[in-house]
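Subject: Handing over a structure

Dear colleague,

I am passing a structure on to you, and I would be glad if you could look it over alongside the notes in this email.

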Amino acid sequence: MSNQYLFQKCGFLRAPFAIGVGRYVCQLQRVTIKFCKNHGASLGARNFIEHDLINYAKENPGVVVYVKPRRHKHPILKAEYLNGETHWMSIANYSREDIIQWMELLKTQYHNGPDYRLLKLWHTDFPSIQGPWTPFTFKESSLNQIQFPNKKIGEYIKLEPTATEELIRLFKEQQEAEKLNEENKIQENIS
């Protein structure tokens, strides 16, 4: 069994504020491609830069693309997101098509979420300090000493009418009064 997961960042996944509400905002802010002009492992990166980089930049005007040639180093893809997270990825010996797919993936994800080791399967930003809710949470404490069944507690609770119900009642009374006034006027005109 491997213990590599112990060295991953741990925490909870968080969606950017208001993602999906309103217009779409690409979370990828900046991509840096570091490669060697001569090294064989950088062949795919060089082919991507020569053939596909201009099209990628035209299709994604909100993403800044930097190209850094380095001598005798493995090629690296570095993605920076709006929330400040950075994602480093070695693209040594990757083909041009692989790099295109990775660039699309980096563009569509909002940070390096799969690299998190989740502490729990659920998380809330506002935990309750009172504990979980139960049906007895807001009951009177005097109910603990009462013998059940109890006639007083088992009675139907009469609720006063709400403000909306009272307004509806007053409106209906006003309409009935207007109808009676109209009928009285009609009968006076007839007689």
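The model is predicted, so local features need pLDDT of at least 70 and side-chain atom pairs count only at pLDDT 80 or more, while totals for chains, interfaces and linings use all residues. Residues are numbered from 1 along each chain as its sequence is written, and side-chain values use heavy atoms, with hydrogens and water left out.

Helices (H or I, at least four residues) and strands (E, at least two) are DSSP runs, numbered from the N terminus. In α1, the residues Gly44, Ala45, Arg46, Phe48 and Ile49 are buried, where buried means under 20% relative accessible area, exposed over 50%, and partly exposed in between, with a 1.4 Å probe and protein chains only. The cover over these buried residues includes β2, α2 (53–59), β3 (64–69) and α3 (96–108).

With α3, α1 packs at an angle of about 70°, their axes being 8 Å apart; axes are lines fitted to C-alpha atoms, for helices over the stretch in contact, and angles run from 0 to 180 degrees between N-to-C directions. The two helices α1 and α3 are therefore roughly perpendicular to each other, given that angles under 35 degrees count as roughly parallel, over 145 as roughly antiparallel, 65 to 115 as roughly perpendicular and the rest as oblique. On the α1 side, Gly44, Ala45, Asn47, Phe48 and His51 meet Arg96, Ile99, Ile100 and Met103 of α3, a contact being heavy atoms within 4.5 Å.

Turning to the loops, Lys37 is found between β2 (28–35) and α1 (43–51), and Lys37 is exposed, with a relative accessible area of 58%. Apart from neighbours within four places in sequence, Lys37 is in contact with Arg46, Pro69 and Arg70, and its C-alpha atom is separated by 8.4 Å from that of His72, 35 residues apart along the chain. His72 itself lies in the loop between β3 and β4 (76–81), has a phi near 55°, a positive value in a residue other than glycine, and counts as exposed at 65% relative accessibility.

Asn93, in the loop between β5 (86–90) and α3, likewise has a positive phi, near 60°. Further along, the peptide bond from Phe148 to Pro149 is cis, with omega near -5°. Most residues other than glycine have a negative phi, and most peptide bonds are trans.

With regards
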